[in-house]
Amino acid sequence: MANHLLADMDPTSVHLNGVLAVPGIDYQVSKGMLSLASPPCAGSEVYITARVHGSDAAHIQRFIADGYTFLFKLDTVFE
């Protein structure tokens, strides 16, 4: 089942406290940066996931929001 889910997953997805964010509305990813439409509440968990090309593996990066930051630097795998 997990392999099927990863195969159907967008190359990059963002979740805020477990809720899938909508690209172009809730966030944008470009040039190694994640830009959220508004800063999440302090303590919120932000996960960004990218499928590793040629495999069923995924790379996940996690941030804990401070209530002010809406721009996050991503690992190089997301560039």
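Mentor: Happy to! Let's pick Ser44, which sits in the loop between S4 and S5; strands here are DSSP runs of E with at least two residues, and helices are runs of H or I with at least four, numbered from the N terminus. Before going on, note that this is a predicted model, where local features need pLDDT of at least 70, side-chain atom pairs count only at pLDDT 80 or more, and totals for chains, interfaces and linings use all residues. Residues are numbered from 1 along each chain as its sequence is written, and side-chain values use heavy atoms, leaving out hydrogens and water.

Ser44 counts as buried because its relative accessibility is 9% (buried means under 20% relative accessible area, exposed over 50%, partly exposed in between, with a 1.4 Å probe and protein chains only). Its side chain makes a polar contact of 3.2 Å with the side chain of Asn17, and the side chain of Ser44 also reaches the backbone oxygen of Cys41 at 2.8 Å. A polar contact is a pair of N or O atoms within 3.5 Å; within protein, one must be able to donate a hydrogen and the other to accept it, and residues adjacent in sequence count only if both atoms are side-chain atoms.

Leaving aside residues up to four places away in sequence, Ser44 touches Asn17, Phe63, Ile64 and Ala65, a contact being heavy atoms within 4.5 Å. Of these, Phe63 is also touched by Leu74.

As for confidence, the chain's mean pLDDT is 84, on the predictor's scale from 0 to 100 for each residue.
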